[in-house]
Every structure is written in structure tokens, then in C-alpha cells.
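Welcome, and thanks for taking a look at this one.

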Amino acid sequence: EQALPKNIILENNLEPELSPINGVPDQIEQIVINLATNARDAMPEGGTINVSTGNIFLEGPGGKKTAFVRLVVEDEGTGIDPKVRDRIFDPFFTTKEVGKGTGLGLYTVYNIVKNHGGEISCHSSPGDGTTFEILFPVAAERRKSARSETPLPTSRLPEGNETILVVDDEPAILQSTKELLEIRGFKAITALCGEDAIKIYSQEWENINLVLIDLGMPGMGGLAAIGEIKRINPAARIIISSGFDDSVAEQSEVEKSADRWVRKPFRFDKLVLTVREVLDGKTES
């Protein structure tokens, strides 16, 4: 609430006796902060943000009812165009102009919700405000994530305090990755291109424990940047991130240049586990 301007009113309608969920408090807080920040940006002239929680039962196949905890964040802002609404959770998508921010932050929200086994939906139209609804399964009825693999419960994800240089030419991905890592205690430094990464690394390499770098970037590509990083510090620990399939021809170069490869878009648990394993010097099984 302290981060909101005076022309924004925050209303809370919270159920005093919510059912328990398997959740990480800091990550749930991050969801509310990100959604409230988007709501604030959608109301430049001011307005009301309503945050509400409650217990809800939904009927599934065979009439079986399942219990959820419902979190809703509503605003009175400009709303979201239908053409945009279907893409707001895409890590490669941003509504921000160059130099005007790093996207909606909704990829971070989506990752947190999915790694809690939950579901998120958005209801909005231009001029009518926006409502985000999130459903968390109660602890006794935790469901599998909608993803093909079952994510590791967030309570079991590793943490750290090491410094990671994140390099990606997509601002939305850069910011989301930074937020995901910081949720687990890591410090993240960001660079939008290989050239900036080299400049930062040459000055701070003794304090940087790991580099997470995109493979396909304009200008100095990922492999060229890795070569320069290795020249500065042959012992540098490096994870390559890419949307390419890991069977491409560059894979042989990747195996020689980096410690590990992660595919974009990231699964939160997979990214954190890989980072922790590389930092700990563990080889891929």
C-alpha cells in the first residue's frame, strides 16, 4: 500500500478463516504486488483496487466438489484489449514501449500460481477495468499442475544468496527471470545484450557466481559473449537459456561452452533447481 500514490484507494475484503494451502508467503505477496502494480499503471487518474479472498467449492466431473482458496484483484482502470488479453502471460510479450518499463510482470505471476498447483484467469475489456482471479487448491486436495510435468512444491525449492548475471534481449523475460530468482533469495544483475554483459562481467566478475545467458541475441550472440566471459574467467559457471530445441547444431558448442542448458519459457522449479545444481557443482544426471 505504501507504494501506491495517494489517488489510488486500496480496499481489502479478506475472509478471516481461509482454508490452508501449500504456499510460500513471499511468493503469494509477490503475486499481489505485481497485480496491484499493473492496476496502478492502468489508473493514471486514480481509482480503486480491490483485493479479496474467500473459500470456494467448484464442481468437477461426476459432480465431485473440490475446495479452493480464491484470490481476486480488481481495478477500475483502462482495461485490456481482447487482442492483448490472450497474450498477457506470454514471457515474450510486453505492452510497454522501449524505455517505458519491462512489461506486465504477469509471466512471474503465472509461474508462481502454476507452481502452487493453481489456476489464473483474467476478465477485462477496454474501459471497464480488469479482474484477475486465482484459485489455489486447499492443502488436503492439492491437484497436479496443468503442465505436463508435476512441478516440485515451492516449499521444497532450493534457495541461495549468490549473485547471478542474467542476459536476455527481451526486457519482459529479463525482468521476470530476475524476479523469479530474487523470490528464492538470489541477487540478480541484468544485461540486455552480450556487449553489456561483457562490460558488467569485466567489472564485477569476482562477485558474480553464475551467468544465465540467452543464446540468440542481436549483435554479439550468446556463444560469442560466453567466449569473452570465459576469457575473463575460465572458471565461470554458465547456463544457456534458449527457445530453440536442444537438438540443434549449436548443441555441441553449448556442451563445450556452458555447464547447462534450460529451455524457454522457463518452468520456475526447473530454473531454480538448475541454478542451484550448477552453483553447487553438480553434473546433470
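Let's begin with helix α3, where L106, Y107, T108, V109, N111, I112, V113, K114 and N115 are buried. Keep in mind that this is a predicted model. Nine of the 10 residues of α3 are buried, so the rest of the structure largely encloses this helix. What does the covering of these buried residues include? Among the elements over them are α1, β4, β5, α4 and α8. Just past the end of α3, G117 adopts a positive phi of about 75 degrees.

**The nonpolar cores**

V109 of α3 turns up again in the largest nonpolar core, which has 29 residues. V109 is one of the residues with the most contacts inside this core, along with I31, L35, I49, F132 and I134. The elements below each supply at least two residues of the core.

| Element | Residue range |
|---|---|
| α1 | residues 25–41 |
| β2 | residues 47–59 |
| β3 | residues 65–75 |
| α3 | residues 106–115 |
| β4 | residues 119–124 |
| β5 | residues 130–137 |
| α4 | residues 171–183 |
| α8 | residues 268–279 |

Another core, of 20 residues, lies apart from this one, and its members include Y201, L215, I226 and I240. As a general point, nonpolar side chains tend to be buried together in soluble globular proteins.

Which residues does F132 touch, if neighbours within four places in sequence are left aside? F132 is in contact with L35, L71, V72, V73, I88, F89, L106, I120, S121 and C122.

**The open sheet**

Five strands make up an open sheet, ordered β7-β6-β8-β9-β10, with parallel pairing. At its edges are β7 (187–191) and β10 (260–263), each of which pairs on one side only. From one strand to the next, the twist averages 20 degrees.

Looking at one pair in detail, strand β9 (residues 238–242) joins β10 in the parallel sense over four bridges.

**A residue in α8**

T274 sits in helix α8. Is T274 buried or exposed? Its relative accessibility is 2%, and buried means under 20%, so T274 counts as buried. Beyond its neighbours within four places in sequence, T274 is in contact with I239, R260 and V262.

Notes: Residues numbered from 1 in each chain as written. Predicted model: local features only at pLDDT ≥ 70, side-chain atom pairs only at ≥ 80, totals over all residues. Heavy atoms only, no water. Core = buried A, V, L, I, M, F, W, Y, C linked by side-chain atoms within 4.5 Å. Buried < 20%, exposed > 50% of the residue type's maximum accessible area, 1.4 Å probe, protein only. Contact = heavy atoms within 4.5 Å. Pairing = 2+ DSSP bridges. Axes fitted to C-alpha atoms, helices over the stretch in contact; angles between N-to-C directions.
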